[in-house]
Each structure stands twice: as C-alpha cells, then as structure tokens.
Amino acid sequence: MRGISWTLLFSIGVAALLGWSGPLKRPIVALRLALEEPPKSLPLPIAGVPTAALRDTWGAPRGNGRTHQGTDIFAPKGAPVRSTTRGLVFRVGENRLGGNVVWIFGPGRQIHYYAHLDQFGDFKPGDLVMPGDIVGFVGNTGNARATPTHLHYGIYTPGEGAINPFPLLQRKQ
C-alpha cells in the first residue's frame, strides 16, 4: 500500500471500533486530508476578535494536576464559531470538561477541538466542513459554567497529542 501509513489505517480502525464514524463515511476525503500537510497558520475561529486579544495560556495550571491544552478565545455568548480548516466532522456531543464539543478531522490527521459551545452548527459526523463554516456558537458549558463565555480551541496530532494552537492563530495567512 504505497503512500498509505499503516498507522493511519490502524487509527481509522480504532476510531470505527470506538464509534467515531465521521471520517469513515467519506473514506477518500479522510485519506486525502490525512496525507496533506497540516496548516502552518490558521484563521481565528471567531470573527471580530482581534489577534492582539488572544493570550497564550498553554500549560497554565488547571485543577486536579491538569494543564491548559488549548487557546481560550473570549467572545459574547452566541457569537458564531467557524471552522479554522477544511475537514470532516468527527464527533459532536458533550463531555465533562468541554461541555458541548465538536471534533473535526483536518489536514495532516490533526483533530481540531471546539469546546464550551452554547449550541452546535447544523451538521453531523461525517459532514465536510470548509474554513469559515459555522461549527457552533460561543458559550460556557462544561467546566466553564462559572467563567465568561469563550471558545476553548485545541489541536491534537497523532504521535504528539495536544499542540499549542496559539502560534498558528498568530501567523499571517
């Protein structure tokens, strides 16, 4: 299987076993995304928020020995949250920390994580999203209930785990 990583095939198999079927509904698109280079810069997922308003809180202490693994972007409740990249909706749902969350499988096998959403955009796992498509709306769900409304944006990469999205959001397109 020239050009196809056995790790990728294994990852897709594990995802299928775990019920994460989003990329599997469009296997050719998923494969193309997986083989692309990850983005070197990303647009801000919330229009109207100046880049200068972002703070790099990567690694900041959180409760229970955790550290912050993303960038928080503060914005008014209900502000549209837009996809930063082309990708396949991987998962839409809830978890304890992030509340309402959306996971998008993007170029380079990166998973883009949008958390604390008030509401979801109009899509389901397996749908293709493009940069600028609305994936949800700013909120303070999950462990952010007592904080100002914001988006927690994270990126997860194969082999490395979470990476700091702040530098990618700072680079010019």
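Ile-155 has Ile-163, a residue of strand S9, as its bridge partner. Strands S8 and S9 run antiparallel and are joined by 3 bridges. The model described here is predicted.

**Pairing of strand S8**

- Strand S9 covers residues 161-163, and it forms a hairpin with S8 in which 3 residues lie between the two strands.
- In the turn of this hairpin, Gly-159 has a positive phi of about 85°.
- S8 also pairs with S1 in the antiparallel sense, over 4 bridges; within this pairing, Ile-73 has Leu-151 of S8 as its bridge partner.
- S5 and S8 run antiparallel as well and are joined by 5 bridges, and Tyr-114 stands opposite Tyr-153 in S8.

- S8 is mostly covered, with 7 of its 8 residues buried.
- Gly-154 is found in S8 and counts as buried because its relative accessibility is 0%, under the 20% limit.
- Beyond its neighbours within four places in sequence, Gly-154 is in contact with Gln-69, Gly-70, Ile-111, His-112, Tyr-113 and Pro-165.
- The C-alpha atoms of Gly-154 and Asp-72 are 8.8 Å apart in space, although the two residues are 82 residues apart in sequence.

**The second largest pocket**

- The volume of the second largest pocket is about 390 Å³.
- By residue class, the lining of the pocket divides into 10 polar, 6 nonpolar and 3 charged residues.

- Thr-141 lies in the loop between strand S7 (134-138) and S8.
- With a relative accessibility of 16%, Thr-141 counts as buried, since buried means under 20%.
- The side chain of Thr-141 reaches the backbone nitrogen of Asn-100 at 2.9 Å.
- Not counting residues up to four places away in sequence, Thr-141 touches Leu-97, Gly-98, Gly-99, Asn-100, His-116 and Leu-117.

Key: Residues numbered from 1 in each chain as written. Predicted model: local features only at pLDDT ≥ 70, side-chain atom pairs only at ≥ 80, totals over all residues. Heavy atoms only, no water. 1 Å grid on protein atoms, 1.4 Å probe; cavity = no way out; pocket = protein on both sides within 12 Å on 5 of 7 lines; lining within 4 Å. Points joined across faces, edges and corners; volume = space filled by probe spheres on them. Nonpolar A, V, L, I, M, F, W, Y, C, P; charged D, E, K, R; others polar. Buried < 20%, exposed > 50% of the residue type's maximum accessible area, 1.4 Å probe, protein only. Polar contact = N/O pair within 3.5 Å; in protein donor to acceptor, adjacent residues only side chain to side chain. Contact = heavy atoms within 4.5 Å. Pairing = 2+ DSSP bridges.
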